[in-house]
Amino acid sequence: MPVIYGYIRVSSIDQNEERQRIAMRENEIPDSHVFMDKQSGKDFNRPQYKRLMKKLLPGDLLYITSIDRLGRSYEEIQQQWRILTKEKGGGHLCD
């Protein structure tokens with residue numbers, strides 16, 4: 001049975017992640033399966049994102065509120081999306 005995870009990212013500690021948290025709750029993702037980073041999307045060197053990627057198994061689902069929550073760089077987002085959809089076999093955008 002696939003596990004459902006959520007990923008939240010805001011660019012700085014003073015930004016509010018509540019809109020993304022509400023979307024996770026609406027999609028019934030348990031808080032224990034939601035990973036959040038409060039830092040720039042300039043690269044993928046983020047502690048919670050790395051932790052999430054270690055947990056994701058093929059067939060698991062990952063919810064993010066929009067593709068730009070993964071990062072700022074179009075090329076890096078494409079690379080991560082390929083990892084999520086091809087190597088991990090999951091990934092789903094929720095709104």
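**Aromatic cluster, nonpolar cores and cavity**

The charged end of R46 lies over the ring of Y49, at 5.6 Å from the ring centre. R46 also has its charged end over the ring of F44, 4.6 Å from the centre of that ring. These positions are taken from a predicted model.

Three aromatic pairs are present in the structure. A pair of aromatic rings is described by the distance of the centres and the angle of the planes. For Y7 and Y49, the ring centres are 5.2 Å apart and the planes stand at 70°, so this pair is classed as edge-to-face, a term used for angles over 60 degrees. In the pair formed by F44 and Y49, the centres are 5.3 Å apart and the planes are at 55°, so the arrangement is tilted. Through ring pairs, Y7, F44 and Y49 are linked into a cluster.

In soluble globular proteins, nonpolar side chains tend to be buried together. In this model, the largest nonpolar core contains 14 residues, and those that touch the most other members are Y7, Y49, L52, L56, L62, L70 and L84. At least two residues of this core are supplied by each of β1, α2, β3 (61-64) and α3 (74-87). Another core, made of five residues, lies apart from the largest one; M24, I29, V34 and Y63 are among its members.

The structure also has one cavity of 30 Å³ or more. The space inside the largest cavity is about 40 Å³. Its lining is formed by I8, R21, M24, R25, I29, D31 and V34. Helix α1 (residues 18-26) contributes three residues, the largest share of this lining. By residue class, the lining of the largest cavity has four nonpolar residues, three charged residues and no polar ones.

Notes:
Residues are numbered from 1 along each chain as its sequence is written. This is a predicted model: local features need pLDDT of at least 70, side-chain atom pairs count only at pLDDT 80 or more; totals for chains, interfaces and linings use all residues. Side-chain values use heavy atoms; hydrogens and water are left out. On a 1 Å grid over the protein atoms alone, a cavity is a set of points where a 1.4 Å probe fits but cannot get out, and a pocket is an open set with protein on both sides within 12 Å along at least five of seven lines; lining residues have an atom within 4 Å of a point. Grid points are joined across faces, edges and corners, and a volume is the space filled by probe spheres set on the points. Helices (H or I, at least four residues) and strands (E, at least two) are DSSP runs, numbered from the N terminus. Ala, Val, Leu, Ile, Met, Phe, Trp, Tyr, Cys and Pro count as nonpolar, Asp, Glu, Lys and Arg as charged, and the others, Gly among them, as polar. Rings of Phe, Tyr and Trp (its six-membered ring) pair if their centres lie within 6.5 Å; planes under 30 degrees apart count as stacked, over 60 as edge-to-face and the rest as tilted. A charge sits over a ring if NZ of Lys or CZ of Arg is within 6 Å of the ring centre and within 35 degrees of the ring normal. A nonpolar core is a set of buried Ala, Val, Leu, Ile, Met, Phe, Trp, Tyr and Cys residues joined through side-chain atoms within 4.5 Å. Buried means under 20% relative accessible area, exposed over 50%, partly exposed in between (1.4 Å probe, protein chains only).
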